[in-house]
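Open the model in your viewer and keep the selection panel at hand.

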Amino acid sequence: MDRTFRGVLRGNSGVVDTEEQPAIVSADEQWRRVLRERGLRVTRPRLRVLNVVARHPHVDAGHVARMLKSQGMSRQTVYGNLDALVSVDLLRRIEPANSPALYELRVDGDDHHHLMCRECRRVFDTDLTTDVRRRVPEPEDDDFDIDGVDVFFWGVCRDCRTGNQHV
Ligand SMILES: [Zn+2]
Ligand SMILES: [Zn+2]
């Protein structure tokens, strides 16, 4: 198991380097353009929420709210903006069992999956998309139209297994 995953982990920090994410950059100018394209009003809180998620992939809503509190943003404003950004597919919400929902940028064409460490609860990205796709059931009739796959793998990360401290 471990050997299989090692080759596909994008990094061991649980944080994707934003430079690796194609197409979307965090500059406000870019966000303004993208927001308008998606039909969302450009507001300062919205830009701030986007910038936080861009810098902290797999962040939960509470954490975003804590980071923006000093800038005078209420929890409700943060939550409302996260919902709005998810609704226009700018953010992706991932919902691991027994954990708060996590947010990351939605990058077109990238529907990577996640590994979560049962012990430290850090989330890692994995590129297992094609393998997983191949296992998606082909519905035999038109009752169900599959338009996405969201897979969570559970395990224990190397730091937790070896007792290493992580950041
Ligand atoms: Zn761990
Ligand atoms: Zn991710």
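Is C120 buried, partly exposed or exposed? C120 is partly exposed, because its relative accessible area is 21%, where buried means under 20%, exposed over 50% and partly exposed in between (1.4 Å probe, protein chains only). C117, at 1% relative accessibility, counts as buried.

This is a predicted model, in which local features need pLDDT of at least 70, side-chain atom pairs count only at pLDDT 80 or more, and totals for chains, interfaces and linings use all residues. Residues are numbered from 1 along each chain as its sequence is written, chains are lettered from A and ligands numbered from 1 in the order in which they are written, and side-chain values use heavy atoms, with hydrogens and water left out.

**Zinc, ligand 1.** Select the zinc ion (ligand 1) together with C117, C120, C157 and C160, whose SG atoms are its protein donors at 2.3 Å. Donors are N, O and S atoms within 2.8 Å of the metal (3.2 Å for Na, K and Ca); water is not among the atoms, so sites may look incomplete. The angles among the 4 donor atoms run from 104 to 115°, and the site is tetrahedral (four donors, all angles between 85 and 135 degrees). Along the chain, the donors are spaced C-x2-C-x36-C-x2-C.

**Zinc, ligand 2.** Next select the zinc ion (ligand 2), coordinated at 2.0 to 2.1 Å by H58 (NE2), E104 (OE), H112 (NE2), H114 (NE2) and D125 (OD). E104 in strand β3 and D125 in strand β5 (residues 123-126) are 21 residues apart, a pair that links distant parts of the chain. Helices (H or I, at least four residues) and strands (E, at least two) are DSSP runs, numbered from the N terminus. Both E104 and D125 are buried.

**Core.** Show L50, L82, L85, L91 and Y103: of the 27 residues in the largest nonpolar core, these touch the most other members. Such a core is a set of buried Ala, Val, Leu, Ile, Met, Phe, Trp, Tyr and Cys residues joined through side-chain atoms within 4.5 Å. Its largest share, 6 residues, comes from α3. Beyond its neighbours within four places in sequence, L50 is in contact (heavy atoms within 4.5 Å) with W31, L35, L85, L90, L91 and L105.

**Helix α2.** Finish with W31, V34 and L35, which are buried in α2. They lie on the same side of α2 because they cover an arc of only 100° around the axis, taken from the directions from the helix axis to the C-beta atoms. The buried residues of α2 pack against α3, α5 and β3. Turn to the face away from the buried side to find the exposed E29, R36 and E37.

Technical notes. Four donors count as tetrahedral if all angles lie between 85 and 135 degrees; four count as square planar and six as octahedral if opposite donors are over 155 degrees apart and all others between 65 and 115; anything else is irregular.
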